[in-house]
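Here is a brief report on selected parts of one protein model. Keep the sequence and the 3D view open while you read.

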Amino acid sequence: MSDLSFEAAVEARVDEMVDACTRCGKCVEACPSVKPAGLADVAPTDVIGGILDILRDGHGGDASRKWAQACTLSGECITACDEGVNPRFLLAMARVATAKANHDLPARRRQGLEKYRDLGRDVSVLSQLQLNDEVLERLGQKSASVSTASEPPDFVFYTGCNVLKTPHIALLALDIMDTLGIRYQVMGGPSHCCGVVQLRPGDLEMSGRMGTNSIEKLSQSKSGEVISWCPSCYVQFTETTLPALERQRGARPFEMTPFMRFLGQRLDQLIPHLHGAVPMRVALHRHPGVAGVMEAATKILGAIPGVTIVDLKQPALGLQGVNLSVLPEFKRELTLNEFEAARDAGIDALVTVYHSEHRELCAHERDWPFRIVNLLELVGESMGLKHHDRYKELKMMQDADQIVADCADLLVHHALDAAKAREVVVKGMLADQPLPLRANR
């Protein structure tokens with residue numbers, strides 16, 4: 001057990017990577033954000049050199065700061081590095097260093113707290129507009145969020161926070177694991193925060209405190225494995241919090257596996273349960289930021305009887321849809337190009353993997369000649385499992401008053417204030433999409 005603080009453990013890891021970096025620039029050359037961020041004419045060696053300068057003393061060129069802010073967490077930089085450095089982690093730490101240089105700790109802590117409260121409010125309201133207490137408890141909320149299993153489960157299934165806004169996806173994941181006989185305990189929601197909300201404004205200490213507290217709760221499985229749904233949480237835990245704890249304690253409390261990789265590893269076990277044909281031509285909406293997830297998703301999709309996968313030949317980048325928001329014009333262009341390619345290919349459905357792009361894209365189903373569904377919906381359809389996509393149904397109304405009125409019974413059930421719920425619907429649901437919907441529908 002080390003006497004290092006969490007922040008000191010992170011900084012020691014940063015220092016090691018800075019020393020190992022040769023400034024070759026391969027990470028910059030591989031990065032898909034460079035061109036849309038307007039950095040194509042800047043020497044890659046200068047860009048990465050500036051990042052190292054920011055990390056050493058807080059001073060670095062504008063191009064390097066711009067690159068750090070334009071990171072979509074695609075991860076190409078990691079595989080491009082020959083020195084074992086994680087440039088994605090260094091860019092996150094460069095953003096922290098910049099935030100520290102621009103704002104004092106009270107301001108950064110206040111910003112992190114405000115974002116955390118906003119997240120908690122949005123997740124709570126949007127999930128409660130769709131679910132009763134019994135289903136919320138199944139998803140690790142209500143009393144289940146603080147309960148301890150009588151016997152440690154084989155696995156902990158960690159939802160993260162935002163998938164609770166589209167709960168049909170998480171519920172299908174649970175149904176699939178139940179069918180496969182996997183014993184698990186569900187944890188997640190704002191009470192199990194990964195700390196990324198505090199990291200973004202540069203409060204590394206509070207990020208570590210939140211993440212470490214959640215890790216203590218998650219360390220309850222027999223297998224020593226946590227199955228994670230949210231890619232943001234996965235990156236935060238595996239690239240920042242768990243390595244810091246390992247440096248402090250000498251060992252990691254668990255290993256973390258993304259759900260799609262976990263399911264892909266059990267494809268032979270899954271296939272006998274894929275009884276029903278799903279005769280559809282589909283295209284996979286891809287974000288490759290976590291290694292192996294899109295490959296696993298493709299194999300799972302291809303194992304569903306009746307499904308034909310169409311390659312739209314569109315670029316795949318970013319950790320998930322929301323991470324492309326740092327380049328809004330580029331994100332709009334990518335989205336429109338993919339929709340047009342999907343229309344021209346005559347597919348039946350554009351299939352999302354993660355929850356964030358499903359939230360953003362689902363309402364566009366009303367404007368285009370194809371459905372927008374999550375991969376687990378198709379797996380579930382073949383297995384005879386079904387959960388209604390209430391989020392999409394509500395969002396396609398495109399009217400906050402109508403949405404709140406349609407959820408009147410659950411407003412009463414959860415004692416939600418209608419005006420506050422309407423505010424969340426406007427900001428947290430209807431504004432959450434990269435392209436405007438077509439008017440006069």
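How close do the axes of helix α1 and helix α12 come, and at what angle do they cross?

## Basis of the report

This is a predicted model, where local features need pLDDT of at least 70, side-chain atom pairs count only at pLDDT 80 or more, and totals for chains, interfaces and linings use all residues. Residues are numbered from 1 along each chain as its sequence is written, and side-chain values use heavy atoms, with hydrogens and water left out.

## Helices α1 and α12

The axes of α1 (residues 6–20) and α12 (residues 231–249) come within 9 Å and cross at roughly 100°. Helices here are DSSP runs of H or I with at least four residues, strands are runs of E with at least two, and both are numbered from the N terminus. Axes are lines fitted to C-alpha atoms, for helices over the stretch in contact, and angles run from 0 to 180 degrees between N-to-C directions. The two helices are therefore roughly perpendicular (65 to 115 degrees).

From α1, the residues F6, A9, V10, A12, R13 and E16 take part in the contact (heavy atoms within 4.5 Å). They meet E239, T240, T241, P243, A244, R247 and Q248 of α12. By class, this contact has 6 nonpolar, 3 polar and 4 charged residues. Nonpolar covers Ala, Val, Leu, Ile, Met, Phe, Trp, Tyr, Cys and Pro; charged covers Asp, Glu, Lys and Arg; polar covers the others, Gly among them.

## The four-stranded sheet

An open sheet of 4 strands runs in the order β2-β1-β3-β4, with parallel pairing. Two strands pair if DSSP finds at least two bridges between them. The edge strands, β2 (184–187) and β4 (255–258), each pair on one side only. On average, neighbouring strands are turned by 30° against each other, direction ignored.

Strand β3 (residues 225–228) runs parallel to β4, joined by 4 bridges. V226 has M256 in β4 as its bridge partner. Helix α9 lies across β1 (155–158), β2 and β3, at about 170° to β2.

H168 sits in α9 (residues 167–179). H168 is buried at 3% relative accessible area (buried means under 20%, with a 1.4 Å probe and protein chains only). Beyond neighbours within four places in sequence, H168 contacts H358, E377, H387, H388 and D389.

L274 lies in the loop between α14 (267–270) and β5 (280–284). L274 is buried too, at 7%. Residues up to four places away in sequence aside, L274 touches A303, I304, P305, V379, S382 and M383.

How values were computed
Buried means under 20% relative accessible area, exposed over 50%, partly exposed in between (1.4 Å probe, protein chains only). Angles under 35 degrees count as roughly parallel, over 145 as roughly antiparallel, 65 to 115 as roughly perpendicular and the rest as oblique.
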